[in-house]
Amino acid sequence: MNDWPQGWSDDNRGTRYGRGSAGAQPDGARVMRQVRRGPTAPPGGGQAVPPYGVPQQPSYVDGQGYDGYDSGYNTGQVYGSPGGRGPGGPGDGYGGRAPRPAPNWRRRIKVISITVVTVLVVTLVGTYFWADSKLKREVDLSKVIDRPEAGEGTNYLIVGSDSREGMTDEQKKELHTGSSEGKRTDSMMILHTGGGAPTLISLPRDSDVEIPTFVGSESGKTYQGTGRHVKLNAAYAEDGPELLVRTVEFNTGLHIDHYVEIGFAGFANIVDAVGGVEMDIPQDIKDSKSGADLKKGKQTLDGQQALAFVRTRYALAGSDLDRTKNQQKFLSALANQVATPSTILNPFKLYPTMGAGLDSLIVDKDMGLFDLADMFWAMKGVSGGDGKSMNMPLAGSSGGNLLWDKDKVKTLVEQLKNDETVTVSGD
C-alpha cells in the first residue's frame, strides 16, 4: 500500500534526506502558507539562513519590530482603547464615539418659542369659543320699535334683577332673597363708553316714566300708549327687557346698544369666584330685609355680604338714591378686581370667575365677548377715577315717584350722543 501523497511513489523520493531517504542532505523545510518568510540572505554572505528553513522572527528593539512594525506593547498602549491604533481609536469607524457637537441654542430657542406661541394661540382660541358659547343671548332688541338714532360711542343698559331662578330654598334663605315668583329689576344703570372717559348713570327704580306704544316680546301684539305713568321697574315687570329698553329710550331719547342682566345668585357667585371684593363701607349697616350686617371701614365682602350691601335701602337715609350710589361703587370695585393681573393671569381664578359670570348673565342677541370686555374695562375706569358716576338728575317727587329734571336730562343725553365729557351732575 502506497501511503505517499497522491501521484507520488517510492521512485519519486530521489536521494533526499529524510522520509526514508538514504541521502545525506535534509529535505527543504516546507513553508506553511500562514507563516511569512523573512528575507533570504544574499548569496555568498550576509545573514545566514536559519536552520530548517524557519523564517527570521522580527526583533523588538526600542519597541520597533521588523520593517518598522510597532507592537504597541512597549508603549503600554492597548489595542481597541481610545487613542490606540487598533479598533476603537480615533476615526477608525468601528464603534469609536465621535465628539458630541456643541448644542445649537439658536435652533432650540426658536423651537421653544414656536411651541409656546402655538400653545398660547390654541388656548386663547379655545377659551374664546368656550366663553362665547356660554353667553345667554336671550334679549331681542329688534323687537323694540321707534328707536332713537344711534350716537357716538356705545350705551349699555345694565340691569340687576331679583330673579331667583336656579336657587334652592336654602340659598334663598341664606341670601335673604325671599321666594317671590317671577323677576323684577332691583337696579338699572346706563354705562356710556367711547373716545373719552366712561360715564355710569344710575336710573332709580322709582323713577317716574311714561309707558309708550310697544310690541309684546312674546305675543307680537302692538299695545298702544295711553300716557300711563308708572315707576321704571314696572316696565320690566310688565313685559321684560324689551319693554324696559323701549321705555328708557322713549323717556330719554338715548339709543341703547346693548343689554346686560344679572340675577341674585349669579351676582353672589361672581363675587365668591373672584375671592371677594374689598370695599370701604361708609357707615355701619344693619338691615333685616336685605340681611346686611356690616361695620364701617375697609373690608372684603363675600358673595352673601356683597348682595346684601347692594340691596340695602331701608337702613340708608337716602333710601333708593343712596342704594344706587352703593351699587355703582360696588360694581366698579368688582370690575376693578376682575381686571387685575392676579385674576387674569391665574387660570385657577380666571376660569371660575368667567364661568360664574357668563353662566349668570343674560344679554342681547348682538352682544359679543369684546363688547362685554369693553363694558368691564369701562367699569374699571370709573372705579379708577378716570370716569364719572352719577344718578339721573332729579327735580323732586310726585306720589312716591321720582321726577327727572328734564332740562338736565336733555343736556346729559346730548353730551352722551356726541361722546362729549359729561358736565351735568346728578343727586
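This is a predicted model: local features need pLDDT of at least 70, side-chain atom pairs count only at pLDDT 80 or more; totals for chains, interfaces and linings use all residues.
Strands β5 and β6 (residues 199-202) run antiparallel to each other and pair over four bridges.

Strand β4 (residues 154-161) pairs with β5 in the antiparallel sense, over eight bridges. Asn155 stands opposite His192 in β5. Val159 has Met188 of β5 as its bridge partner.

How buried is strand β5? Nine of the nine residues of β5 (residues 185-193) are buried, so the strand is largely enclosed by the rest of the structure. A residue is called buried when its relative accessible area is under 20%.

Step back to the whole sheet. Strands of a sheet pair through backbone hydrogen bonds, either parallel or antiparallel. Here seven strands make up an open sheet with mixed pairing, and their order is β3-β16-β11-β4-β5-β6-β17. At the edges sit β3 (136-139) and β17 (388-391), each of which pairs on one side only. On average, neighbouring strands of this sheet are turned by 25° against each other, direction ignored.

Next, the helices. Helix α1 (residues 105-134) and helix α8 (residues 347-360) have axes that come within 9 Å and cross at roughly 25°. That angle makes α1 roughly parallel to α8, because angles under 35 degrees fall in that class. The crossing of α1 past α8 is right-handed.

Helix α3 (residues 232-252) needs a closer look. What span would a straight helix of 21 residues have? At 1.5 Å a residue it would span 30 Å, yet α3 spans only 12 Å between its end C-alpha atoms. Trace the helix to Asp239. There α3 has a kink of about 135°, shortly before the proline Pro241. Most of this helix is covered, with 16 of its 21 residues buried. Just after α3 comes Gly253, with a positive phi of about 85°.

Two further residues have backbone angles to check. Most residues other than glycine have a negative phi, and most peptide bonds are trans. Asp146 has a positive phi near 50° and is not a glycine. Look for Asp146 in the loop between β3 and β4. Is Asp146 buried or exposed? Asp146 is exposed, with a relative accessible area of 60%. Asp419 also is not a glycine, and its phi is positive at about 55°. This residue lies in the segment after α10 (406-417). Asp419 counts as partly exposed, at 23% relative accessibility.

The last stop is Thr300, in strand β15 (residues 297-301). How far apart are Thr300 and Val277 in sequence and in space? In sequence they are 23 residues apart, while their C-alpha atoms are 5.2 Å apart in space. Thr300 is partly exposed, and its relative accessible area is 47%.

Terms used: Residues are numbered from 1 along each chain as its sequence is written. Side-chain values use heavy atoms; hydrogens and water are left out. Buried means under 20% relative accessible area, exposed over 50%, partly exposed in between (1.4 Å probe, protein chains only). Helices (H or I, at least four residues) and strands (E, at least two) are DSSP runs, numbered from the N terminus. Two strands pair if DSSP finds at least two bridges between them. The expected span of a helix is 1.5 Å times one less than its number of residues. The bend at a residue is the angle between axes fitted to the seven residues ending there and the seven starting there. Axes are lines fitted to C-alpha atoms, for helices over the stretch in contact, and angles run from 0 to 180 degrees between N-to-C directions. Angles under 35 degrees count as roughly parallel, over 145 as roughly antiparallel, 65 to 115 as roughly perpendicular and the rest as oblique. A crossing is left-handed if the near helix is turned anticlockwise from the far one by less than a right angle, and right-handed if clockwise.
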